[in-house]
Structures are given as C-alpha cells and as structure tokens.
Amino acid sequence: MRIPCSTYRLQFNHRFTFSEAKKVIKYLYELGITEIYASPYLKASKGSLHGYDIVDYNSLNHEIGTVKDYEDFIKKLEKYKMGQIFDFVPNHMCITDSSNLLWMDVLENGQSSLYSDFFDIDWHPVKKELENKILLPILGNYYGLVLENQELKLIFHNGAFFIDYYEHRLPIRPQTYIKILNFRIEELEKSLSSNSSNLMELLSIITALNYLPTHIERDPEKIKEIHREKEVIKKRLWNLYRESQEIKNFIYENVNIFNGIKGEPRSFDLLDELLNEQVYRISYWRVACEEINYRKFFDINELAAIKMENPEVFKECHRFVFQLIKEGKITGLRIDHPDGLYNPSEYFKDLQKNCFIQIQIANFEKVQKKVSDSSEEVNDIALFKAETEEIEKIISDEYEKTIADQPDFKPFYIVGEKILMRGEKIPDKWGIHGSTGYVFLNYLNGIFIKIDNTKPFDGIYKNFTGKKIEFNEIVYESKKMIMKLSMASEINTLGHHLNTLSEKDRRTRDFTLNSLTDAIVEVIAFFPVYRTYINNLEMDARDRKYIEIAVSRAKKKNPDIEETIEYLKNVLLLQFPDYFNEEDRMQWFNFVMKFQQITGPVMAKGMEDTAFYIYNKLISLNEVGGMPDKFGITRETFHGQNIERLRQYPYELITTSTHDTKRSEDVRARINVLSEIPDDWKKCLSKWNKINRKKKILVDGKRVPDKNEEYLLYQTLIGTWPFRFLNDEDYTNFKARIKKYMVKALREAQSNTSWINPFTLYEDAMTIFIERILDGKDNKFLDDFIEFEKKIFHYGIYNSLSQTLLKITSPGVPDFYQGTEIWDFSLVDPDNRRDINFELRKKMLAELKNFYQQNGALKLVKELIENREDGKIKMYVIYKALNFRKRHRYLFEKGEYIPLEVFGERSNNICTFARRIGQKVVIVAIARFFTELISDKEVFPFDVEWKNSFIAVPFAEKGEKYRNIFTDEVIEANDNERTNILMLSKIFVTSPVVLLEKI
C-alpha cells in the first residue's frame with residue numbers, strides 16, 4: 001500500500017485539463033507534494049466545473065482530455081514517483097443530461113429497464129397517480145401552461161420518438177409508439193395500395209409493438225425480450241422512414257399534429273394523452289419538494305441517488321476505477337459523501353476487498369509475464385496459468401482469512417468525506433484511513449481564537465443585530481424548515497412507512513399519520529450527529545446514545561406527541577414486538593435504514609447551508625464540521641486531538657482549505673484576528689453602520705441589508721480584501737465576487753430571499769448597497785475600513801503562516817487546496833473554483849530557490865518578511881517544511897507527538913510540540929494572538945519583546961543543538977533549575993515560524 005506524505009487538490013474541468021495538470025506536476029513535486037488529489041474526472045454533465053454530476057462511471061470526461069492525454073498525465077506522475085488520490089462519487093448520478101444512458105433507459109422502459117434497480121426509485125409512492133412512474137420536476141411552470149405554450153415537443157430521431165424540453169431530451173416508451181403510428185393510419189392506407197410493401201412493413205412494426213411486454217414486467221427473460229425487440233423495431237422503423245417518402249411524410253405530419261397549435265388548447269390533447277402513458281410524469285420543478293419519488297442528493301433534483309448496496313450496481317460503477325487501480329494509475333481513493341449510502345460499512349468493506357484483489361491480480365500478471373519471458377521453473381506453474389476468475393477466488397479467500405485474523409487490515413489507502421461532530425469518531429467497521437480533515441481544520445482554527453473574549457463578542461453581536469441569536473435554536477428551526485420545504489417528499493414517505501408499521505400492532509395502530517410524521521421531524525431536528533450506522537439488525541452503544549439524545553430533546557420540546565416519539569424511539573432501537581414475523585422485521589429494519597439516509601442531508605442543509613449563514617458572530621467559526629457557538633479551543637484540546645489521531649488514524653488527511661470550505665484558510669486567519677480586539681471591532685461596527693445607514697434601500701419597509709447581513713458583509717470584506725488592487729478592473733472583479741457571494745449567502749440563510757423563491761428586489765438592494773459602500777469617490781467608510789483592514793491583514797499574515805506549519809507537522813497527511821501555497825482569499829464555491837495562475841506560482845518557486853542558492857536562507861527569510869504581502873513567504877514555509885517532511889516521513893508518520901510547555905509572560909502566545917522517534921527529534925513552535933506581541937506598525941518576530949519566556953524541553957540535554965530549517969540558524973538548549981529550555985528570544989530571531997531539527 002502506498003501512503004501519501006502530502007496531497008494537493010486539483011479541480012479538473014474543461015478549463016483545467018489533463019494536459020494542463022501535466023504541466024504543474026514538476027512544480028508540485030519540487031514544492032514537496034507526493035500525491036495529486038484529483039477531483040472527479042469520470043464523464044460528467046456537459047460543462048461541469050466540479051465533476052460530481054457523473055453520467056457514466058466507465059469512461060473519462062472527454063472535456064478534460066482524451067485517453068492519451070490521461071496516459072501522458074499518468075506517465076508524468078510516474079516520472080516523479082508521485083501517486084494519485086482519486087475523488088470517487090458512489091452516491092449519485094446526474095440525470096438531466098441525456099448522455100446518462102442508464103437513466104435514459106429507465107425513463108424509456110420503467111421497471112422493465114435493465115437498470116431499474118440501479119437508481120433508488122419508489123415505484124409505489126404515496127401519491128397514487130405516480131404508481132409505476134417517476135416524477136420529473138424539470139418544468140419552469142405548471143405542466144398545462146408549458147404544454148399549451150408548445151414548449152414540450154415530440155420529435156422523431158434515428159427510429160425513436162422523444163420529447164424535447166429545452167436542453168432535456170426524454171425517450172418515449174416504445175409500446176406507446178403505437179399511438180403515434182396508428183394515428184391517421186386509415187388516410188395512409190388510402191394513399192398507398194393495400195399490397196404496398198412499405199405499408200405492410202409499417203403495419204408489421206405496429207403489430208410487433210403490440211406484442212412487446214409492458215413496462216412493469218419484472219421477469220428477466222421478458223425484460224431481455226423487450227430490450228432485444230425494441231431495438232430491432234427502431235431499426236426497422238428508421239430504415240422505413242428513410243426509404244419511403246410517404247411514410248416519412250406520414251410520421252412528420254403526425255408529429256406536427258401531436259405538437260398542437262398555440263392558442264388552441266384542445267389541439268394538445270393528443271400529446272397530453274401520450275405523455276400520460278409514459279414512465280415519467282413531467283412536472284413543475286416546485287412540485288419536487290413534496291412529491292418526488294426518487295432519492296436525490298441532498299435537495300438537488302438533478303442528482304439521483306443510486307443503490308450502491310446492490311452488488312451489480314457496485315460492480316458496474318467501479319469497473320473502470322478498479323481497472324485504473326489495477327494498472328497503478330490510482331493509488332488511493334477519497335470517497336464522497338459515504339453518509340448517503342444505505343450501508344457505508346459494507347460499502348467500505350467491499351471496496352477494500354476489491355482494491356486488494358485488483359492489486360494482487362496485477363502482481364500475478366507481472367509474475368506470469370516474467371515466467372513466460374523466462375526459462376526458469378516455478379513451483380506452482382498451475383497458479384500462473386490459472387484464469388482470472390480462479391485467481392480472484394484465491395485472492396478473495398485469502399483476503400477473508402486475513403481480515404478474520406487482522407480486523408484492522410486496510411490494504412488500500414482510502415479516506416471518506418465524513419463530517420464528524422465534536423466528540424464523534426469514524427465507525428470502527430469502516431476500514432478506512434480516516435476522514436478528509438475537517439476535524440483537524442476546526443481544532444486548528446480554534447486555537448487562534450481568543451477564548452477570553454467570548455462574552456464581549458456575544459454582547460457585540462447581540463447589540464449590533466438587536467437580538468439574541470442562539471445557534472442551537474437556529475439549527476433546530478433550519479432543519480425543520482428543510483424538512484418542510486426541500487425534503488418534504490422524503491419525510492412524507494418516511495411518515496407513511498412508519499404509519500404502516502404502526503398498523504401492525506394493536507397498541508400503536510391509533511397513532512395518526514400526522515403525529516407519526518411530526519415525531520420523525522422533531523427527532524431528526526434534534527439529531528446531534530449526521531447519522532447513525534445501524535447494520536444487520538445490530539446496534540452499538542454509540543448509535544443508541546445519539547437516538548436517545550434526539551428523542552429526549554424532542555419529547556421535552558413536544559410533550560403533546562410524546563407517545564409517538566417514544567414509539568419512533570422503539571422503532572429506531574429495533575425493539576420489535578415478539579410476534580413479528582421475518583417479513584415484518586425486515587420492513588421495520590428497512591425503515592431504520594432509510595431513516596439513517598435522511599438525517600445526514602437534513603443536517604447538512606439545515607446547519608451547513610442555512611444556519612451557518614444566519615449565525616454570524618464570528619464567521620471564521622462557520623466551517624464544515626464546526627460549531628460556531630463554541631468560541632475557540634485550548635491548546636491542550638488541540639494537542640489531545642493530535643495525539644488521538646496519531647493513535648487511531650495516523651494517515652488521515654488534515655486540511656485547512658478544500659473545495660467545500662465556506663472560506664479559505666487565509667480568510668479565516670484574518671477574521672480570527674477580530675477575536676483578539678473586540679473593542680476595536682465594536683467601534684468600527686458602530687461607526688460603519690452610521691456612515692452607511694443612508695446607503696441602504698427600503699424594500700417592503702425594511703432597510704437592506706438588515707443588521708445581521710450587514711454584520712456578515714463587513715467580516716467578509718475584512719477576510720477577502722486584497723493586499724492591493726492592480727487596476728480598476730481588479731477592483732470591479734472584486735466587487736462582483738462580493739456581490740455574488742452575498743446574494744448566495746442571503747439565499748442560503750432563507751430569511752429574506754431563497755433559492756426556491758428568490759426575492760430579486762431584495763437581492764438587488766443588497767448589491768446596490770455593496771456598490772455604494774465600495775464606491776471609491778469621497779467615501780468615509782472606505783477610508784476608515786482600509787485603515788482598519790491594514791491592521792487585520794498585518795496580523796492575519798502571521799496567523800496564516802502559523803497554521804500552515806502546524807498542518808505540515810501534525811499527525812496525519814497534510815492536504816493543500818489548489819492555489820493556497822500563496823495568499824488566497826477565496827469564499828465558498830464557486831468563488832473557490834476560479835482558475836489558478838500556476839505560471840505565477842512556478843515563477844515564484846524558481847525565484848525562491850535561486851535566491852536561496854545565491855544568498856542563503858537567513859537573507860532570504862528577511863527578504864520574504866519585508867515583502868510578505870506577495871505570498872512568497874507562505875510558499876517558502878510550505879516548500880521547506882514539506883520537503884523536510886518528505887525526507888523524514890517516518891518521523892512524522894510514526895514518531896511520538898509530545899506537547900511542550902511554555903513559561904513566562906508570553907506563554908499563552910506560543911503553541912509548540914515535538915516529534916520524536918529514537919534519537920531523531922524536531923521541535924515545532926508557532927506564535928498566535930499577534931496583537932499582543934506587536935503593534936500594527938511592527939514586524940514579527942523582529943520587534944517582539946519576549947520577556948524571558950521559554951519552551952521547556954525535558955528530554956533535551958544541556959548544550960543540545962537544533963537547526964531551524966527555515967533559516968539554517970543553530971540554537972542551543974540552555975538549562976535552568978529544573979529542565980533544559982529554549983528561549984523564545986533565541987528561536988524567534990528572524991523566522992516567524994520555527995521548525996527545529998536536532999543536530
């Protein structure tokens with residue numbers, strides 16, 4: 001197994017292709033990166049910028065490059081001995097692109113499709129009109145209006161009929177071709193002689209269509225027949241259409257008649273009747289919230305969930321990826337949103353097993369080739385001549401034996417995008433190497449927030465907004481709103497499922513549907529984690545605890561439905577009545593499994609995508625996996641979490657920015673400075689609010705923005721303001737980014753506008769306000785803001801450097817998001833998916849290395865500090881620390897993590913620890929709370945008064961020497977009365993961050 005030493009995320013799309021990626025590999029290698037961490041690049045929806053909207057699991061995205069382009073990219077990685085972590089999406093596919101042939105087949109053939117069990121579709125939903133149908137909420141208005149406006153068009157193409165609706169193309173069920181081909185058939189018979197071969201062929205085609213089995217057929221043989229015969233019929237019809245002008249005209253005219261005449265409502269009856277007989281029911285997109293009957297990804301109608309628990313689905317979706325693993329092109333996997341899976345534990349178990357099999361088969365094939373190319377005899381020649389299926393069986397059996405003996409065996413590097421709440425751990429049975437790093441991100445961020453200022457910040461936020469905003473209450477209400485609006489269909493389905501279960505017991509049959517649905521809503525709203533992982537009718541203590549917490553809180557809030565909540569608790573805890581038969585128990589268990597799949601999306605949408613945009617006390621805390629009401633953490637907690645990771649998941653990704661973070665690491669580093677200076681922040685807010693009050697616009701009697709939105713806006717400007725604007729175009733682009741972000745933030749918060757019901761007048765008022773307060777002419781606000789901002793980004797620079805070094809040297813695999821090796825002030829997507837100027841970064845690294853060679857480290861660091869605004873200093877820290885880590889990876893992967901104590905007046909300003917294995921020792925030291933160390937006109941570390949503060953190094957010997965890898969300075973350990981020490985005044989002489997290597 002290959003373990004990454006460091007990873008670098010690349011966002012592939014039509015703007016950043018395999019060919020472009022190939023050009024940056026040498027640069028990333030020199031920077032110290034060992035693994036490319038690639039965004040999804042399987043075939044996705046046309047124009048996709050992220051790749052998560054997959055339409056074909058078994059081919060590359062041609063917009064990103066050809067097979068040759070990909071091979072060239074891989075060869076370049078191999079040249080530099082770099083690996084590739086691939087971001088794999090097991091939970092959903094895009095269904096709005098007609099190139100998703102699996103979904104198109106389902107729409108054409110319904111339950112008789114070869115892929116009807118591929119997607120998570122409820123063919124027997126609550127709404128009876130949708131029996132054996134799929135709701136497609138793609139219309140921009142009500143169905144009748146769209147139909148009569150002639151926006152739905154019947155077309156004939158390559159022997160098949162389709163419905164076109166703008167970019168959507170929907171297949172017509174073959175059995176219903178009869179409606180079109182039989183229409184006006186008498187007229188055609190009159191125009192052609194009765195013995196016309198073309199007429200006879202058309203009538204024969206109609207007869208063949210009549211004999212096709214129905215779309216609800218489930219018999220495998222009949223399904224094969226449908227798929228065979230329908231394609232034959234299409235070919236016959238297409239040939240007839242091309243050979244006979246009369247038939248061509250007949251079909252053309254029928255299509256035109258079915259498409260109706262605008263202004264004549266009854267002329268659309270034919271098309272309406274045809275559509276009513278399809279597998280799908282086209283509807284207004286707003287209907288989806290309550291009636292959609294396929295499981296979707298979160299609240300995104302365009303992404304339909306797939307049934308990865310189905311072995312055939314698993315096999316089909318992983319076929320291509322497993323081939324790439326076998327060929328050594330992919331050396332690790334990042335699994336997207338495993339919480340959406342029916343059974344994540346079983347999925348990861350199957351994934352590890354199959355990855356192991358592929359690698360071992362590759363090894364066998366290498367040996368086979370070696371044997372065939374050599375005259376040497378081998379002991380077990382039969383094994384090397386075995387068929388692939390036999391080898392798979394042998395390897396599979398060996399894997400099962402190994403797992404039985406070594407339950408922690410993890411043969412392939414896999415991490416899962418699991419969002420963990422505070423105190424929560426990855427389930428032991430997952431068999432992966434950890435999560436994608438959000439726990440580390442939030443703990444690291446927390447130590448740069450001044451906990452002592454919690455109460456002042458509470459007061460500032462309350463006084464400015466005019467109301468006390470409780471985060472937990474916002475999460476509760478937001479989750480309920482999500483369940484009422486965008487996920488109402490899923491909740492209604494669960495309610496009916498629970499009602500069916502309650503009817504099976506005379507003690508619970510009187511519970512009403514409404515009370516049972518309300519119980520589900522309340523328990524989910526209070527659920528303390530994203531989901532539980534009940535599996536195979538088994539439940540561990542952890543899941544029981546989470547269910548009991550949610551139920552207890554729901555009961556306290558809703559005493560009127562306490563009995564139904566208690567019943568739901570019994571269901572979730574799998575407390576079956578004794579007399580339930582096997583079928584009843586499986587229905588009960590299936591409810592629990594479906595319940596688990598819903599709590600995660602509700603938490604994500606309710607907390608991350610709603611509450612995080614409402615609760616704005618200090619927005620650097622509003623990060624994925626974070627709890628914004630917890631104002632910072634202690635260093636002891638940070639150290640404890642690092643020690644725990646080293647013990648349990650030493651190869652887990654640790655990150656500070658990702659494609660999903662709400663703000664980049666450098667934005668958070670700036671905003672964290674506010675926690676140190678509440679008095680200054682309070683004064684600025686009051687002053688700015690007074691200056692800008694007249695710039696607000698009244699909408700429906702409200703001033704826009706409201707106080708809470710204004711509070712968010714000022715923090716956003718502080719976090720993202722560039723060090724300098726090169727020209728007017730730069731400034732215009734910056735304002736456009738802020739406007740787009742704030743409109744997104746308003747819609748996510750759903751307080752004054754939303755995605756479902758955009759209040760464009762309100763949104764326009766917000767963008768006008770932003771334009772006014774950022775107008776460069778005679779602007780008192782802007783003058784005052786820029787002065788304050790200079791102070792913030794002065795301190796923010798050092799925060800960024802400190803957190804960067806901690807990430808590189810802490811237990812885990814440091815992950816870097818594209819472009820963040822220099823200053824990056826990005827906001828949430830799509831802002832953080834802007835193109836990266838790699839040529840600039842290559843040039844900067846080359847200049848660093850050249851200056852270092854000519855002038856030495858000490859002079860280089862002084863130069864970088866003096867010009868710190870250009871970002872080279874961050875690149876230098878990454879370059880030196882990552883390459884040092886790469887050379888000493890065993891120390892960082894296996895070495896002890898030893899928190900060190902700091903003494904003296906500056907003790908609270910330092911976070912330090914050692915990594916040690918045998919005689920190899922490094923000491924990491926960074927500073928924090930820089931407003932206490934230097935003024936906004938002074939430079940760290942030159943101007944700091946350290947006041948005899950020191951780091952105690954109990955394992956050091958007197959006179960022991962250490963080299964700072966950033967400056968090449970040598971520092972000697974001193975002794976005091978009790979232990980050996982490193983004086984802060986000696987180690988922070990020229991470098992703002994310190995990585996000391998024992999020499």
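Biologist: Where is the place of Asn-909 in the chain?

Modeller: In this predicted model, Asn-909 is found in the loop that runs between β21 (902–903) and β22 (910–917).

Biologist: Why is Asn-909 called buried?

Modeller: Its relative accessible area is 2%. Buried means under 20% relative accessible area, and therefore Asn-909, at 2%, counts as buried.

Biologist: Which residues does Asn-909 touch, leaving aside those up to four places away in sequence?

Modeller: Asn-909 touches Ile-926, Ala-927, Arg-928, Phe-929, Glu-932 and Leu-933. Contact means heavy atoms within 4.5 Å. As for Arg-928, 19 residues from Asn-909 along the chain, the C-alpha atoms of the two are separated by 5.0 Å.

Biologist: To turn to the whole chain, how many helices and strands does it have?

Modeller: The chain has 35 helices and 29 strands.

Biologist: What makes the chain as compact as a globular protein of that length?

Modeller: The globule rule gives 30 Å for 999 residues, and the radius of gyration of the chain is 32 Å, close to that value; the chain is therefore as compact as a globular protein of that length. Taken along the principal axes, its C-alpha atoms fill a box of roughly 110 × 90 × 65 Å.

Biologist: What share of the residues counts as buried, and what share of the contacts joins residues at least 24 apart?

Modeller: Among the 999 residues, 60% count as buried. Of the contacts between residues at least 6 apart in sequence, 75% join residues at least 24 apart. The accessible surface of the chain is about 41,300 Å², and carbon and sulfur atoms account for 49% of it.

Biologist: How many cavities does a search of the whole structure find, and what lines the largest cavity?

Modeller: The search finds five cavities of 30 Å³ or more. The largest cavity has a volume of about 70 Å³. Its lining includes Arg-422, Asn-442, Leu-621, Met-627, Lys-630 and Ile-633.

Biologist: What is known of the second largest pocket?

Modeller: About 1,100 Å³ of space lies in the second largest pocket. Of its 32 lining residues, Pro-722, Trp-823, Arg-834, Leu-840 and Arg-841 are the closest to its centre. Two elements, α28 (728–749) and α31 (838–855), each give two or more residues to the lining, and α31 gives the most, with five. The lining divides into twelve nonpolar, seven polar and 13 charged residues.

Key
Residues are numbered from 1 along each chain as its sequence is written. This is a predicted model: local features need pLDDT of at least 70, side-chain atom pairs count only at pLDDT 80 or more; totals for chains, interfaces and linings use all residues. Side-chain values use heavy atoms; hydrogens and water are left out. On a 1 Å grid over the protein atoms alone, a cavity is a set of points where a 1.4 Å probe fits but cannot get out, and a pocket is an open set with protein on both sides within 12 Å along at least five of seven lines; lining residues have an atom within 4 Å of a point. Grid points are joined across faces, edges and corners, and a volume is the space filled by probe spheres set on the points. Helices (H or I, at least four residues) and strands (E, at least two) are DSSP runs, numbered from the N terminus. Ala, Val, Leu, Ile, Met, Phe, Trp, Tyr, Cys and Pro count as nonpolar, Asp, Glu, Lys and Arg as charged, and the others, Gly among them, as polar. The radius of gyration is taken over C-alpha atoms; the globule rule is 2.2 Å times the number of residues to the power 0.38. Buried means under 20% relative accessible area, exposed over 50%, partly exposed in between (1.4 Å probe, protein chains only). Accessible areas come from the Shrake-Rupley method with a 1.4 Å probe; for residues, only the protein chains shown count as cover.
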